[in-house]
Amino acid sequence: MNPIERVELEPLRSGDFEAVQELMITCYPNMDQPSWSSKQLRKLIRVFPAGQMVIRVDDVIVACSFSIVIDSRKIEDEHTYLDITGNDTFDTHTDNGDILYGLDVMVHPDYRGLRLGRRIYDYRKELCEELNLKSIFLGGRLPNFHKFDDLSAREYIKKVKQKEIHDPVLNFQLSNDFHVRKVVKNYLPEDSASESYAAILEWSNIYYTKPARIYKPEKSVVRLGLVQWGMRPYKSYAELTEQIEYFVEALSNYRADFALFPEYVNAPLMAAYNDLSEPDAIRALADYTDRLKDTFAEFAISYNINIITGSMPEVKEDQLRNVGYLCKRNGETERYEKIHVTPDEVKIWGMTGGSQIRTFDTDAGKIGILICYDVEFPELSRILAKEGMEILFVPFLTDTQNGYSRVRNCAMARAIENECYVAVAGCVGNLPKVYNMDISFAQSVVFTPCDFSFPTNGIKAEATPNTEMILIVDVDLDQLKELHEQGSVRTMKDRRTDLYDVIVKKRTTVESK
């Protein structure tokens with residue numbers, strides 16, 4: 001090797017693509033498609049330029065590094081390279097993530113004694129600290145694993161750690177303060193030398209400070225799916241959940257972000273307990289709640305949709321409450337309660353009101369959920385609006401038109417006074433064998449504020465009254481931001497908090513799965 005005059009670590013530029021592609025082919029001679037396309041390299045530079053670096057030795061590119069930022073909540077320890085890269089699209093990168101994920105580091109074989117790899121890793125650590133990211137993740141190849149037929153991947157890694165076996169990649173990563181989190185199969189199926197195995201490694205940023213993050217939705221236009229649920233007898237729990245799955249699948253096929261079910265969605269199952277008193281029948285129905293919650297959670301993941309389960313009875317510590325669950329498509333489940341129970345719920349069933357008042361962060365905005373009667377109390381929605389609520393969901397069950405009108409008109413007012421969208425979904429049809437739930441009336445609606453960017457009557461869309469159906473509506477969160485700042489009237493900004501305010505006297509523990 002000729003004497004070296006200059007070594008420079010620089011950002012990757014579009015003029016470097018050909019040299020980088022040649023370097024990839026040199027470093028991975030046994031892989032079928034070792035190099036990325038110019039389109040892929042250009043995408044990496046566009047989404048995260050600070051993560052794409054090259055090292056020039058006397059103006060010749062001899063090493064390069066690629067990385068993206070990901071959200072740790074959206075990955076499992078058991079993942080593959082294609083999972084992390086979004087099938088090589090890099091759509092998994094997010095500026096709001098907390099993990100720097102190393103996609104690749106390569107050094108030309110003729111320059112591997114210059115500690116260029118360490119220079120790249122030091123840069124990554126500095127970048128991780130500068131961006132206040134929690135850690136660096138990467139999938140480490142095991143290039144010598146194929147030489148040890150008598151060892152499992154776990155045993156091989158253990159022997160590498162104990163210095164009984166030398167692995168050029170893993171030894172290097174361990175010497176750079178990375179530790180093994182997980183051993184995974186099929187990380188890179190084409191990596192025959194590693195027999196498709198990889199070690200998922202992590203370097204922890206000791207200077208990381210968890211930020212007080214203001215939640216920012218990942219999208220502006222959000223698609224709402226409202227289920228106007230038909231009350232009718234079902235022969236079994238399986239038949240009920242089959243109908244629920246039908247609606248979830250239909251909304252998923254239309255790429256809805258949310259599916260909203262109504263209050264007491266499982267009420268038809270109470271027909272089997274008509275021989276019991278009304279308080280005992282509702283408590284028997286509560287036996288299905290945990291099971292139904294888990295079913296909804298499975299549907300949310302498998303159909304990639306956030307599901308608001310409406311509500312169902314729950315008995316805990318001898319207290320009967322009306323509760324529901326937000327089942328997110330990322331697998332999280334969060335609970336909400338009906339705060340104000342109706343006089344009939346108290347008189348006939350002995351129901352108790354809840355105490356959890358809170359908003360929920362989702363991948364499609366910050367939302368609030370109020371069950372039926374709760375929307376008639378403006379203090380609740382104002383508390384949620386002060387926390388940044390953008391969409392209020394109201395699952396309801398009303399038996400008569402006057403009861404429905406109370407919910408509808410109050411929901412419309414909540415949209416105007418809190419400058420948010422309000423979606424209400426209810427039950428229709430009849431349950432002749434279920435006491436206290438024999439008739440129902442509903443018209444599901446999405447309400448908006450009333451200003452120039454919104455419908456003049458404040459109604460984005462509404463379903464056909466008393467007909468089982470779904471209502472699919474797109475709402476734009478950016479329009480709310482414009483309204484807050486430039487609306488004809490600004491009901492949130494113009495509040496006279498020097499004279500009055502709405503506060504929460506008591507916060508209870510948030511329950512989630």
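**Entry 1: strand E15**

I started at E15, where both faces are covered: Gly 365, Ile 367 and Ile 369 on one side and Lys 366 and Gly 368 on the other are all buried. I take buried as under 20% relative accessible area, exposed as over 50%, and partly exposed as in between, with a 1.4 Å probe and protein chains only. Strands (E, at least two residues) and helices (H or I, at least four) are DSSP runs, numbered from the N terminus. This is a predicted model, so I note that local features need pLDDT of at least 70, side-chain atom pairs count only at pLDDT 80 or more, and totals for chains, interfaces and linings use all residues. Residues are numbered from 1 along each chain as its sequence is written, and side-chain values use heavy atoms, with hydrogens and water left out.

Why is E15 largely enclosed by the rest of the structure? Five of the five residues in this strand, 365–369, are buried, so the rest of the structure largely encloses it.

**Entry 2: the partners of E15**

I looked at pairing next. Two strands pair if DSSP finds at least two bridges between them. E15 pairs with strand E14 (residues 360–362) in the antiparallel sense, over three bridges. In that pair Phe 360 stands opposite Ile 367. Two residues lie between E14 and E15, and the two strands form a hairpin.

With strand E16 (residues 391–395), E15 pairs in the parallel sense, again over three bridges. Here I found Gly 368 opposite Leu 392. E15, helix H11 (residues 378–386) and E16 make a right-handed β-α-β unit. Right-handed means that, with the strands pointing away from the viewer, the path from the first strand over the helix to the second runs clockwise.

I then followed E16 onward. E16 and strand E17 (residues 421–425) run parallel and are joined by five bridges. Leu 392 stands opposite Val 422 in E17.

**Entry 3: the six-stranded sheet**

Which order do the six strands take in this open sheet? I read E14-E15-E16-E17-E20-E21, with mixed pairing. E14 and strand E21 (459–462) are the edge strands, and each pairs on one side only. Neighbouring strands of this sheet are turned by 20° against each other on average, direction ignored. For such angles, axes are lines fitted to C-alpha atoms, for helices over the stretch in contact, and angles run from 0 to 180 degrees between N-to-C directions.

Strand E3 (residues 60–70) and strand E4 (residues 99–107) pair in the antiparallel sense over eight bridges. Ala 63 stands opposite Val 107 in E4.

H4 covers residues 116–130, and its 15 residues reach 21 Å from first C-alpha to last, close to the 21 Å expected at 1.5 Å a residue. The expected span is 1.5 Å times one less than the number of residues. Buried residues in H4 include Leu 116, Gly 117, Ile 120, Tyr 121, Arg 124 and Cys 128. An α-helix has 3.6 residues a turn, so residues three or four places apart point the same way. After H4 comes Asn 132, with a positive phi near 55°.

**Entry 4: cysteines and Ile 416**

How many disulfides does the count come to? I got zero, with a disulfide taken as a pair of cysteine sulfur atoms within 2.5 Å. Cys 450 is in no disulfide, and the nearest cysteine sulfur, that of Cys 420, is 12 Å away. Cys 450 is partly exposed, at 36% relative accessibility. The sulfur of Cys 327 has its closest cysteine sulfur in Cys 427, 17 Å away, too far for a bond. Cys 327 is buried, with a relative accessible area of 0%.

Ile 416 sits in helix H12 (residues 401–418). At 37% relative accessibility, Ile 416 is partly exposed. Leaving aside neighbours within four places in sequence, I find Ile 416 in contact with Thr 448, Pro 449, Cys 450 and Thr 491. Contact means heavy atoms within 4.5 Å.
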